[in-house]
Amino acid sequence: MQTSQNRRKATGGHGLYHQPAQDIDPYYSPNFQIVENNVSPDIGSQEANFSFQAYNEQYYTLESAPPVSGFGLYDSPSAVSVASNRSPFSTQGSHSYVSDAQHSSDNFYGSPISGSSVANGGNDMWDKLRELENSLLGPESDISDSCNCCLNSGSHQFTSTGQWDVNQMIEMIPRLNLKEVLIVCAQAIAEADMPKAAGLMELLERMVSVSGDPIQRMGAYLLEGLRARLESSGSIIYRKLKCKEPTSSELMSYMHILYQICPYWKFAYQSANVIIEEAIKYESRIHIIDFQIAQGSQWVTLIQALAGRAGGPPLIRITGIDDSQSAHARGGGLSIVGQRLAKLAESCGVPFEFHSAAMCGSEVKRENLGLRPGEAIAVNFPYVLHHMPDESVSTDNHRDRLLRLVKSLSPKVVTLVEQESNTNTSPFYQRFIETVDYYTAMFESIDVARPRDDKQRISAEQHCVARDIVNMVACEGMERVERHELWGKWRSRFRMAGFQQFPLSSAVTDAVRDLLKDYSEKYRIEERDGALYLGWMNRAMATSSAWW
């Protein structure tokens with residue numbers, strides 16, 4: 001297994017910084033292509049074409065996927081497809097949360113220690129933003145009130161009839177804070193101030209870079225989301241924004257890179273497996289329902305562990321739920337996963353069956369699960385529930401419907417792992433601020449694991465992180481599938497569905513602490529309110545919890 005550059009023992013004694021969230025609520029490996037090249041003056045322009053290496057194998061796992069040796073590299077993205085419904089963390093009748101004040105003790109999030117928090121809206125911050133706006137545009141902007149958005153040969157070109165002096169913009173850049181310029185630009189779009197937005201986008205093009213530092217890379221994808229939002233919305237974006245679909249082996253390689261250099265997926269797998277193993281330790285027939293089976297990688301270590309159970313291994317049956325995006329990544333349907341796990345189980349002497357449910361999680365009904373009497377049921381939700389539309393999107397409210405369905409199965413345990421972010425029901429501007437705050441920490445955590453100019457990391461970010469950002473910024477309604485909620489809201493939803501929290505043993509924390517030894521010491525873990533938090537520095541990034 002590859003490890004981060006900084007391999008040190010992670011400690012659990014550092015508390016994550018949390019503060020009350022504002023009233024704001026926010027896909028598996030996406031496909032992303034960079035087609036335009038504009039970078040800040042101090043970053044070298046690159047516009048080389050790299051060929052993808054071909055592989056004979058048709059199927060790779062996250063553990064075994066070989067790295068792709070070459071990638072197309074351009075700076076400052078200008079065309080992106082946001083049609084995927086999967087998260088970088090994922091493979092893919094309720095009460096409405098109108099006011100967070102009712103849940104103030106539950107809803108917390110932290111801020112990255114490396115940058116100023118942009119979620120507080122403090123007076124100092126907004127004074128700086130107003131000062132920045134005046135320095136860029138003057139008391140009264142002389143940019144024309146009209147602007148045009150167009151698509152040209154697959155790339156986006158935002159043009160305005162008024163143009164800033166290029167040299168003047170270049171002189172401004174060293175004095176400007178990229179994060180603050182992004183926020184001012186988002187505010188201009190939220191207020192439909194198109195002249196200001198046009199000028200700020202021209203400036204941002206010279207400040208961002210997909211091969212720059214973490215904030216520059218994040219800024220490149222945020223800028224692309226802002227462009228896409230201006231040009232169209234929803235399904236129109238899906239049709240107009242074109243990109244090359246990576247092959248299955250390429251896509252699996254991108255996923256493998258992030259799987260290895262960041263602990264987020266392993267945190268989900270390891271914590272859930274320890275919980276499930278403890279919950280079913282006396283059961284002879286086990287049925288695991290995985291709402292995002294992906295490659296089936298999570299269950300390899302659990303099958304191996306149960307093979308050594310005193311008195312003999314139990315019968316394990318796994319129902320794998322997944323949609324077409326994962327099928328593309330693994331190069332085939334769920335039968336590939338079933339065959340692989342069956343072969344592993346046979347080698348371990350474990351009785352095993354696999355049941356496939358090739359569908360989106362929101363489509364699942366009781367009859368799709370292949371239930372049998374006498375089985376101990378464990379349900380797994382790894383970074384997937386936030387993709388289910390809730391009451392704010394559809395009257396079907398699949399998010400809460402699924403929880404009620406699962407509760408009706410009387411499971412021994414249900415494991416939930418989700419990103420600790422608040423972007424579900426918030427309006428665009430507040431959602432943008434939260435996205436900036438969360439992904440600042442995300443890009444910093446990725447940055448420490450690979451050199452700044454590592455082309456594999458750049459492509460992994462483009463294909464597995466960037467489109468999440470674009471989806472959150474550019475899309476609304478049913479087309480926005482990245483809808484994260486904070487731990488407190490998940491707790492409220494589970495309780496309303498009739499669940500109680502399943503206590504986490506010290507073995508869960510110990511297992512996660514052990515895996516973090518292979519990563520940067522800046523990762524933190526903290527158990528609080530019955531959930532296990534994974535953080536980057538002082539920013540909570542994900543939570544793991546259990547229910548029954």
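Modeller: In this predicted model, Leu416 lies opposite Ser545 of strand β14.

Biologist: What makes β11 and β14 a pair?

Modeller: Pairing requires at least two bridges between two strands. β11 and β14 (residues 539–547) have six bridges in the antiparallel sense, so they count as paired.

Biologist: Why is β11 described as mostly covered?

Modeller: A residue is buried if its relative accessible area is under 20%. Seven of the seven residues in β11 (413–419) are buried, and therefore the strand is called mostly covered.

Biologist: Which residues cover each side of that account?

Modeller: Val413, Thr415, Val417 and Gln419 are buried on one side of β11, and Val414, Leu416 and Glu418 are buried on the other. In a regular strand, side chains alternate between the two faces of the sheet.

Biologist: What makes β9 and β12 the edge strands?

Modeller: The open sheet has eight strands in the order β9-β8-β7-β10-β11-β14-β13-β12, with mixed pairing. β9 (352–358) and β12 (523–528) each pair on one side only.

Biologist: Which helix lies across β12 and β13?

Modeller: Helix α17 (residues 506–515) does, running at about 175° to β12.

Technical notes:
Residues are numbered from 1 along each chain as its sequence is written. This is a predicted model: local features need pLDDT of at least 70, side-chain atom pairs count only at pLDDT 80 or more; totals for chains, interfaces and linings use all residues. Side-chain values use heavy atoms; hydrogens and water are left out. Helices (H or I, at least four residues) and strands (E, at least two) are DSSP runs, numbered from the N terminus. Contact means heavy atoms within 4.5 Å. Axes are lines fitted to C-alpha atoms, for helices over the stretch in contact, and angles run from 0 to 180 degrees between N-to-C directions. Buried means under 20% relative accessible area, exposed over 50%, partly exposed in between (1.4 Å probe, protein chains only).
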